[in-house]
Amino acid sequence: MTRTTAYDIWRAGHQPLRPLFAPKSVAVIGATEKEGSVGRTLLWNLIQTPFGGTVFPVNPRRSSVLGIKAYGSVTAVPEAVDLAVIATPAATVPQVIADCAAAGVKGAIIVSAGFREVGAAGLALEQEILRIARQARMRIIGPNCLGVMCPPTGLNATFAATMARSGHVGFLSQSGALCTSILDWSLQENVGFSAFVSIGTMLDVGWGDLIYYLGDDPQTRCIVIYMESLGDARSFLSAAREVAYVKPIIVIKAGRTAAAAQAAASHTGALMGSDAVVDAALERCGVLRVETIEDLFDMAEVLDKQSRPKGPHLTILTNAGGPGVLATDALIRAGGKLSALSPATLQALDQVLPAAWSHGNPVDILGDATADRYLKALQHCETDANSDGLLVVLTPQAMTDPLAIAQDLATYAKSRPSGAKPILASWMGGTGVKGGEAILNQAGIPTYAYADTAARIFSYMWRYSDHLQALYETPSLPLTTTPPDRDSVSQLFAQVRGEGRSLLTEWEAKAVLAAYGLPVVETCIARSETEAVAAADRLGYPVVLKLYSPTITHKSDVGGVALNLPDAAAVIAAYRQIEKNVTMAAGAGHFAGVTVQPMILWRGFELILGSSTDPQFGPVILFGTGGQLVEVLEDTAIALPPLNTTLARRLIQQTKISRAFRGVRGWPPLNLSLLEDLLVRFSLLVVEQPWIKEIDINPLLVAPPNRLMALDARLVLHRDESTFVKPAIRPYPTQYVSPWQLRDGTPVLIRPIRPEDEPLMRQYHATLSEQSVYLRYFHLMKLSQRIAHERLVRICFVDYDREMALVVERQRDGQPEIIGAARLSKDHFSNTAEFSMLISDRWQRQGLGTELLRRLIQIGRDEGLSALHAYVLKDNEGMVRICRKLNFEFTAGDDPSLWLVQLALEETQGALI
């Protein structure tokens, strides 16, 4: 949603983390003069680099510390304290926090250790601290952390040995020791920070809070994170998804080589390692993950200096063949591609390069290349439509002038328009190329000591761009619009749990799939040879017999599958053999009969589609090559649900088998929209049914061009609700979908917005008058601005957690039309939300505005909000009337043309139900 000036004014006044980064007064609790102590270092750092505020040492045993008057308690400090930095033993911290609460302290940094890391006693201390802080509405960073630096203001509330340089990188780390190492490295490499935060164990302030804060901070251009654990997954993903669109977020997470998650009973559980789930989660919210600390800050620099590439294709310009080859290897390994130079570009290069040039990419312009040759070749390569970025490599040779070439390249780069293709450089060598590197860096062209490093960085840039494109690519509407039969699934799960089971039979699992519209092969249960033959006769030969058992998971492991049975005799023999195999392998009590299915003789591909519950992220979807060798082939990809058609397509494209879907060796291409639709419906199943712990469809048979069938299915339920893990990404809130009727009798559907609504929102904006636009946004906006894709995707892609948007849909000549929209946007650091709405002119004065605001109020209650607020133009008579009708409180704003309207939801609880 486009943010108005009024919104920014409100948000600026509601920043509970500001005392942690920009305090006017700081109390150092545990300040001491003991040489080498944490308390002394904290106090010294705060007074050594003035931050524009006052420092108060707190130590009950001293009258002064380092020559500054000390106080026995924070409650004795004569002035209001914004920030308390606490360095006392862990057992004393709850009382210290209680004193801070009594003194009205707004924020605290607990550097003390000895909490959850020491066991249950430490964890109990943390819970007591959190209880006190929540009651006092105090925000806490830590415990067990290095502290916080804010170099632009001079704040150094850490016990680090040095102060970071001021810059535009917001750095967040769970490791205090790593913070000090990076601090030393940054001073050597001249890297500057807008914030430098060691967050410790995240008792209160977590990743989401800090990402939101740095997202709002004008000094921060890029956020880099060292992460060991994620904490609140939904909070992180919601914040990262919102901020990553405007500021790059780059993460290095420890534990990539950690042992896989505990083996689960299903194939899916065995294939999902927690680190792979983290990768999928970061990609889903537009965050880039890198492998090394060097890459972390290289990416921060390059994304600040250069525009993002629109594709993976890199053109390499070099005066030596070897570095070009190494750069190509690094590029391909990292997922990039070499640009295929067009015939026009090759012809143009022939005109300006010696005959012996490489006549391809990498463009080797030979060792005697002059500045003029470099520049002309670069210009021709940049104009090639096949190229998405350029890497200029220089090796110092006798005929080479690194300084002159760098100067010409810098001048050219400065003359290009904003958003031009990214240019990276590798000036290889030692002191002889330093001057050229300095010129390039000053011109905003990142330089790297080695060409392969630069190529890898370009691939990271493309990966980041690709993540953002996936995040905001408008999906198509699903092919299937029939709602699932949720009631039948709930009844079946209740029956299974009532029988004391958690493993569903194959027949039951397929019934669940069918209830959500997934195609399943017809399956009959046979508890005797006679019943098996009767079922086979009815279905038609050939048939398949499979073990029917409420206890055995993988039927083929115990000889429980017989394929392609041509007649009744074969069915009888197979029945007897399966019963014998199971009795020998597991015992007679595990045989309950067989299922009979038609033998599907389609020529196609066997796939696997499944979901398993991750303890941190909730349901996770797996897709890829299936069949009995699924673990051996390891051609699978994972994603977080819910999926839309765009996300489903990208999940499919991550697998090797997807290449065959394009048509290969006589196979026709697959209608991918059918498979995408199936994945979307499957994702709906796993997010809507919290009892599902694990589910597999293996094999899912896909026969190009248009046939799909689930041949086998397996489903395991949670034992009880205590093991539920909510989805990391909130599913579509169907509870807020309901019909309504306008005053003139027109039926409408009021529902939460969907990403697929972008085309309808474009049409809706075309119906708005200039007056309606002005009253909503406080200024006029051209239609072209309002319907720009970059803007509409931000409106349509809400996470249903921090934001909730409703649209009003009517049918016009059998086609849907949006005639109104309303939105709640939670404030980042308080339990309140801003609301807004806009009704198409044709449908105003039909009671719709009042109904939408009533629904927003009810949603606010349902979501546990304490209050709603908005700025409303006093000239907006309709909105003013609605707010008065619904008992909003009116306050004059700083701008005389505005009302601040607020409604405390607790006080009106139940009034509108």
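The structure is a predicted model, in which local features need pLDDT of at least 70 and side-chain atom pairs count only at pLDDT 80 or more, while totals for chains, interfaces and linings use all residues. Residues are numbered from 1 along each chain as its sequence is written, and side-chain values use heavy atoms, with hydrogens and water left out.

**Overall fold**

- The protein has 30 helices and 37 strands. Helices (H or I, at least four residues) and strands (E, at least two) are DSSP runs, numbered from the N terminus.
- The C-alpha trace spans about 100 × 85 × 65 Å along its principal axes.
- Of the 913 residues, 57% count as buried. Buried means under 20% relative accessible area, exposed over 50%, and partly exposed in between (1.4 Å probe, protein chains only).

**Confidence**

- Mean pLDDT is 90, and 96% of residues reach 70 or more. pLDDT is the predictor's confidence in each residue, from 0 to 100.
- Residues 1-13 have pLDDT below 50, yet this stretch has 31 contacts in the model beyond near neighbours in sequence. Contact means heavy atoms within 4.5 Å.
- Residues 907-913 also stay under 50, with 11 contacts beyond four places in sequence.

**Helix α5**

- Helix α5 covers residues 120-136, 17 residues in total. Its first and last C-alpha are 25 Å apart, close to the 24 Å expected at 1.5 Å a residue. The expected span is 1.5 Å times one less than the number of residues.
- G122, E126, I129, L130, I132 and A133 are buried in α5. They fall within an arc of 165° seen down the axis, so they line one face of the helix. The arc is that of the directions from the helix axis to the C-beta atoms.
- The buried residues of α5 pack against α4 (93-102), β6 (107-110) and β7 (139-141).
- The face turned away from the buried side carries exposed A120, A121, R134 and Q135.
- R137 follows α5 and has a positive phi, near 55°.

**Residue E382**

- E382 lies in helix α14 (residues 371-382). E382 is buried, at 11% relative accessible area.
- Beyond neighbours within four places in sequence, E382 contacts L390, Y412, R416, A420 and K421.
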